[in-house]
Amino acid sequence: MRMLPDLVPLILYCVFVYIQSCLPAPFEVPGVSHFDKLLHLGGYGVMAVLFYRTYLAGWPQAMKRTLVWASAISTAIYGLSDEIHQYFVPARSADALDWMADILGGVLGAVIYQQLFDATRNIRRTHPPAR
């Protein structure tokens with residue numbers, strides 16, 4: 001039950017990504033090559049953060065490295081399934097470079113979130129809120 005508050009946003013985000021993948025490819029930004037890769041990087045970075053928070057809630061004693069790896073791998077697997085799904089969607093295509101951007105976004109998202117989580121936890125320990 002501890003995971004539920006973090007699991008719901010993760011599921012909703014995954015559903016959002018799935019629905020977006022069912023639609024025709026979004027517009028191209030003129031003059032910006034590979035802009036879609038940046039979108040994949042950011043979007044899957046957010047997904048990795050949501051996986052990290054969910055895993056941390058359900059497995060609070062886990063090592064940081066384990067949470068980062070679990071989040072990054074989960075994000076990569078979802079990205080692969082999304083690319084396979086897009087292969088079967090008219091007006092969409094599967095792209096290995098998109099999946100690589102998904103993986104990189106997942107790793108960066110999990111690592112950056114873990115670093116920020118530690119930094120804010122240290123601040124909270126050294127500067128408790130005034131009562």
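A salt bridge is taken here as a side-chain nitrogen of Lys or Arg within 4 Å of a carboxyl oxygen of Asp or Glu. In this predicted model, Asp95 and Lys37 meet that criterion, with their closest N and O atoms 3.1 Å apart. Asp95 lies in the loop between α3 and α4 (96-126), whereas Lys37 belongs to helix α2, so the contact ties together parts that are 58 residues apart in sequence. Asp95 is partly exposed, because its relative accessibility is 24%.

Asp98 forms a salt bridge with Lys37, and the closest N and O atoms are 2.8 Å apart. Asp98 sits in helix α4 and Lys37 in helix α2, so this pair links parts that are 61 residues apart in sequence. Both Asp98 and Lys37 are buried. Through shared partners, salt bridges join Asp36, Lys37, Asp95 and Asp98 into one network. Asp36 counts as partly exposed, at 30% relative accessibility. For Lys37 the relative accessible area is 15%. Buried means under 20%, so Lys37 falls in the buried class. By the salt-bridge rule, the count comes to 5.

The overall fold is helical in its assigned elements. The protein has 4 helices and 0 strands. From the N terminus on, the elements run α-α-α-α. Of the 131 residues in the protein, 34% are buried.

Helix packing was examined next. Two packed helices are described by the angle between their axes and the distance between the axes. Helix α2 spans residues 35-58 and helix α3 spans residues 64-87. Their axes are 8 Å apart, and the helices pack at an angle of about 130°. Angles over 145 degrees count as roughly antiparallel, and 65 to 115 as roughly perpendicular. The α2 and α3 pair is therefore oblique. The crossing of α2 and α3 is right-handed.

The surface carries a nonpolar patch. Ile11, Val15, Tyr18, Ile19 and Leu23 form this patch. Together these residues present about 460 Å² of accessible area. One of them, Tyr18, is found in helix α1, which covers residues 4-22. Tyr18 counts as partly exposed, because its relative accessibility is 44%.

Terms used:
Residues numbered from 1 in each chain as written. Predicted model: local features only at pLDDT ≥ 70, side-chain atom pairs only at ≥ 80, totals over all residues. Heavy atoms only, no water. Patch = residues over 30% accessible without salt bridge, like charges linked within 9 Å, V, L, I, M, F, W, Y side chains within 5 Å. Areas by Shrake-Rupley, 256 points an atom, 1.4 Å probe, with all protein chains shown as cover. Helix = DSSP H or I, 4+ residues; strand = E, 2+ residues; numbered from the N terminus. Buried < 20%, exposed > 50% of the residue type's maximum accessible area, 1.4 Å probe, protein only. Axes fitted to C-alpha atoms, helices over the stretch in contact; angles between N-to-C directions. Parallel < 35°, antiparallel > 145°, perpendicular 65-115°, else oblique. Left-handed = near helix turned anticlockwise from the far one by under 90°.
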